[in-house]
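Here are my notes on this structure, as numbered points. Please read them with the model open.

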Amino acid sequence: MTKVLIVEDEPGLVTLLKYNLEKQGYETVVAMDGKVVMQTVETEHPELILMDWMLPNMSGIDLCREIRQTHDIKHIPIIMLTARGEEADKVRGLSYGADDYMTKPFSVPELIARIQALLRRVVFKPLPKALEVGRLVMDFDKKQVYKEGQPIDMGPTEFRLLQVLMEHPEKVISRAELLKLVWGDMVHVEERTVDVHIKRLRKCLQEQEGDEIIRTVRSGGYALKG
Ligand code: CA
């Protein structure tokens, strides 16, 4: 599950953000005080941070700068949440390393869209020519998958699904995340559809019982064995 850290000191806003993000399939962690933010980022390793501008004990801008200077967390995308009247600070915020900002009060669907866009930018790095995980090789030039050197045919959806799994070997990816990454945000598809295509993919890969390639994590999602 994609983890989002909410750094915000207004309890009402925290509740609103938590509720809406979890509804979208994200896992949330909350830090309400500037002092605990760095420690929370280091221990929780969120995939994205929503950072309030004005916080008790430390400003969002200082935190942003500190995160960008800290080796193993500097890559985490940050969306700054600013209050009205802090417009002039927006540019300053971006120059200190925030990837995007939103002005309060903001529309929740827009925030979700920005989060998804930002995560996509991070997830979809320029494609390598091929991916290799365990017994599988995905050749992007030929649009061909090989298992132990033998070409495997599959439909475009299964190809895309396998690509997402191969880009994150061993990582459990939830059905909601797979839906977003394979089918996109705009299409209305039920989570059950993911199961149907995983089943097809397994068949294409000629998965044998007791020698699985894709691991099913009950109520969690799917992971590709490395
Ligand atoms: Ca605040």
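1. Donors here are N, O and S atoms within 2.8 Å of the metal (3.2 Å for Na, K and Ca); water is not among the atoms, so sites may look incomplete. Along the chain, the donors of the calcium ion are spaced D-x42-D-x1-M. The calcium ion is coordinated by D9 (OD), D52 (OD) and M54 (O), at 2.1 to 2.4 Å.

2. A word on the basis. This is a predicted model, where local features need pLDDT of at least 70, side-chain atom pairs count only at pLDDT 80 or more, and totals for chains, interfaces and linings use all residues. Residues are numbered from 1 along each chain as its sequence is written, and side-chain values use heavy atoms, with hydrogens and water left out.

3. M54 has a relative accessible area of 53%, so M54 is exposed.

4. Now the domains. The protein chain is assigned domain 1 (3-121) and domain 2 (130-224); the bounds come from an automatic or database domain assignment. Over C-alpha atoms, the centres of domain 1 and domain 2 are 31 Å apart. Domain 1 brings 6 residues to the contact and domain 2 brings 4 residues (contact means heavy atoms within 4.5 Å).

5. How much area is buried between domain 1 and domain 2? About 420 Å², with 35% from carbon and sulfur atoms. Buried area is the accessible area (1.4 Å probe) that two parts lose on being put together, summed over both. G25, Q116 and R120 supply 64% of what domain 1 buries against domain 2, more than any other three residues.

6. Last, the salt bridges. The rule finds 1 salt bridge across the interface of domain 1 and domain 2 (a side-chain nitrogen of Lys or Arg within 4 Å of a carboxyl oxygen of Asp or Glu). K171 forms a salt bridge with E47, with the closest N and O atoms 3.5 Å apart.

Key. Buried < 20%, exposed > 50% of the residue type's maximum accessible area, 1.4 Å probe, protein only.
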